Amino acid sequence: MIAVDWGSTHLRGWRLDAQGAVADERDALVAQLPGVGFEARLSGLIEGWPTDAPILACGMIGARHGWVEAPYVDLPSGLGRLVAGLVRAPSRRSVTVVPGLAKRGAAGRLIDVMRGEETLAIGADILPGEVALCPGTHSKWILAGPSGLEDFATFMTGEAFGLLARHSVLSQSLGEARAQPGAAFRSGVSDALATPALIQQLFSIRVAHLDGMQPADAASRLSGLLIGAEISAARAAFGERPLVLVADGPMAALYSAALSEAGLNLSRCVPASVAAVRGLSRIWSHR
């Protein structure tokens, strides 16, 4: 089979062999994929892979503005309810889409939604009482319980960083620098945890730059402030439960440092790519 994680900014695909092991993998920025249609974008990513291999995809591909809408499944949800909500895409190939999850309140009103992270949480093997932390454009904190995934919350941390770094006065301080989990980052996390005055704290980056702060430290402080604010809100919502960080590369390093600064219990870290493949494989096998 072919496993696909179609996020807001990245499209990742894995070709799995008969034993479920990864035989090949590819990654592309959504905006850089060939063609304008969903099928053309997918075909560009998996070109040369077996054309008769069934495809299971999770993420924004199943959104209302995606290839085909896979209606949200309400909480709580385990593998069975996700499998029951699978939807076929209108394609020449066998393409099946995983539904997202919805959190509802009084009178069934939507409180929060997610697509893709439910698959990561399943692949990360979170246990009842644990919380999966899936950083990204829109970070998700997902609580598992006896009935499967029982609660979650969304934080626009990644998108906020991108907007502030590129389209605010702070762009003059950051340039093209990337955040690093050093002293400037940790001080940002610490300051955000100590006080909720995030809007005021953000401008401190501009002031520090005028006083000599380098772009790399400015980027790191901005990231630290935003992730610190995310952790503060998530801790208020989920308490001190054991955390499973589902992230790769630089994102894993930043969030590991931030959680350490906050004194939270990080039980383990699972690479997002591993969780995606494992989660998609389990959903496929559970049909």
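## Exercises on a predicted chain

The chain exposes about 13000 Å², and carbon and sulfur atoms supply 54% of that area. Keep in mind that this is a predicted model.

**Exercise 1.** Find where A107 and D125 sit, and decide how exposed each one is.

*Solution.* Take A107 to begin with. Its phi is positive, about 60 degrees, although A107 is not a glycine. You'll find A107 in the loop between β8 (101–104) and β9 (110–114). Exposed means over 50% relative accessible area. A107 has 81% relative accessibility, so it counts as exposed.

Now go to D125, which also isn't a glycine and has a positive phi of about 60 degrees. D125 lies in the loop between α3 (117–123) and β10 (131–134). Its relative accessibility is 33%, so D125 counts as partly exposed.

**Exercise 2.** Describe the aromatic pair formed by W141 and F155.

*Solution.* The count comes to two aromatic pairs. One of them is W141 with F155: the centres are 6.5 Å apart and the planes make an angle of 75 degrees. Planes over 60 degrees apart count as edge-to-face, and that's the label for W141 and F155. Now trace the chain: W141 is in strand β11 (residues 139–145) and F155 in strand β12 (residues 148–155), 14 residues apart. Last, check burial, where the cut-off is under 20%. W141 has 2% relative accessibility, so it's buried. F155 has 15%, so F155 is buried too.

**Exercise 3.** Which rings do R115 and R287 lie over?

*Solution.* Go to R115: it lies over the face of Y72, 4.1 Å from the ring centre. Then go to R287, which lies over the face of W284 at 3.5 Å from the ring centre.

**Exercise 4.** Which residues does the cis peptide bond join, and where is P76 found?

*Solution.* The cis bond joins L75 and P76, with omega about -10 degrees. P76 is in the loop between β5 (73–74) and α2 (79–84).

Methods
Residues are numbered from 1 along each chain as its sequence is written. This is a predicted model: local features need pLDDT of at least 70, side-chain atom pairs count only at pLDDT 80 or more; totals for chains, interfaces and linings use all residues. Side-chain values use heavy atoms; hydrogens and water are left out. Helices (H or I, at least four residues) and strands (E, at least two) are DSSP runs, numbered from the N terminus. Buried means under 20% relative accessible area, exposed over 50%, partly exposed in between (1.4 Å probe, protein chains only). Rings of Phe, Tyr and Trp (its six-membered ring) pair if their centres lie within 6.5 Å; planes under 30 degrees apart count as stacked, over 60 as edge-to-face and the rest as tilted. A charge sits over a ring if NZ of Lys or CZ of Arg is within 6 Å of the ring centre and within 35 degrees of the ring normal. Accessible areas come from the Shrake-Rupley method with a 1.4 Å probe; for residues, only the protein chains shown count as cover.
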